[in-house]
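Dear colleague,

I am handing over a structure that you have not worked with before.

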Amino acid sequence: MKSAEIKDMSVQDLQERIEAEKAKLASLKVQHAVSPVENPSIIKKSRRDIARMLTILRQKNPKC
């Protein structure tokens with residue numbers, strides 16, 4: 001997900017998307033622990049997307 005796309009999202013949408021991505025990441029970690037994932041860079045990309053969304057969320061809403 002691009003930063004420009006994330007910046008266009010509302011605070012509520014960002015929070016929902018972050019929760020969904022965290023759930024997806026947890027699922028990927030479990031799958032990888034049981035049997036290796038074909039493309040482990042998916043886990044890395046998911047972590048980066050979460051970090052990017054959290055950064056922009058904090059810029060939009062410093063109280064968060």
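First, some words on how to read the values. This is a predicted model, in which local features need pLDDT of at least 70 and side-chain atom pairs count only at pLDDT 80 or more, while totals for chains, interfaces and linings use all residues. Residues are numbered from 1 along each chain as its sequence is written, and side-chain values use heavy atoms, with hydrogens and water left out.

Helix 2 covers residues 11–34, where helices are DSSP runs of H or I with at least four residues, numbered from the N terminus. The expected span of a helix is 1.5 Å times one less than its number of residues, so the 24 residues of helix 2 should span 34 Å, and this agrees with the 35 Å that separates its end C-alpha atoms. Its buried residues are Leu14, Ile18, Glu21, Leu25 and Leu28, with buried meaning under 20% relative accessible area, exposed over 50%, and partly exposed in between (1.4 Å probe, protein chains only). These buried residues pack against helix 1 (3–7) and helix 3 (41–60), contact being defined as heavy atoms within 4.5 Å.

Turning to charged side chains, those of opposite charge can pair when their charged atoms come close. Counting as a salt bridge any side-chain nitrogen of Lys or Arg within 4 Å of a carboxyl oxygen of Asp or Glu, the total comes to three salt bridges.

One of them joins the side chains of Glu21 and Arg17, at 3.6 Å from N to O. Both residues belong to helix 2 and lie four residues apart, about one turn of the helix. Glu21 is buried at a relative accessible area of 8%, whereas Arg17 is partly exposed at 32%.

An α-helix has 3.6 residues a turn, so residues three or four places apart point the same way.

Finally, what does Glu21 contact, leaving aside its neighbours within four places in sequence? Glu21 is in contact with Ser46, Ile50 and Met53. With Ser46 there is also a polar contact of 3.5 Å between the side chains, a polar contact being a pair of N or O atoms within 3.5 Å, of which, within protein, one must be able to donate a hydrogen and the other to accept it, and for which residues adjacent in sequence count only if both atoms are side-chain atoms.

How values were computed: Helix = DSSP H or I, 4+ residues; strand = E, 2+ residues; numbered from the N terminus.
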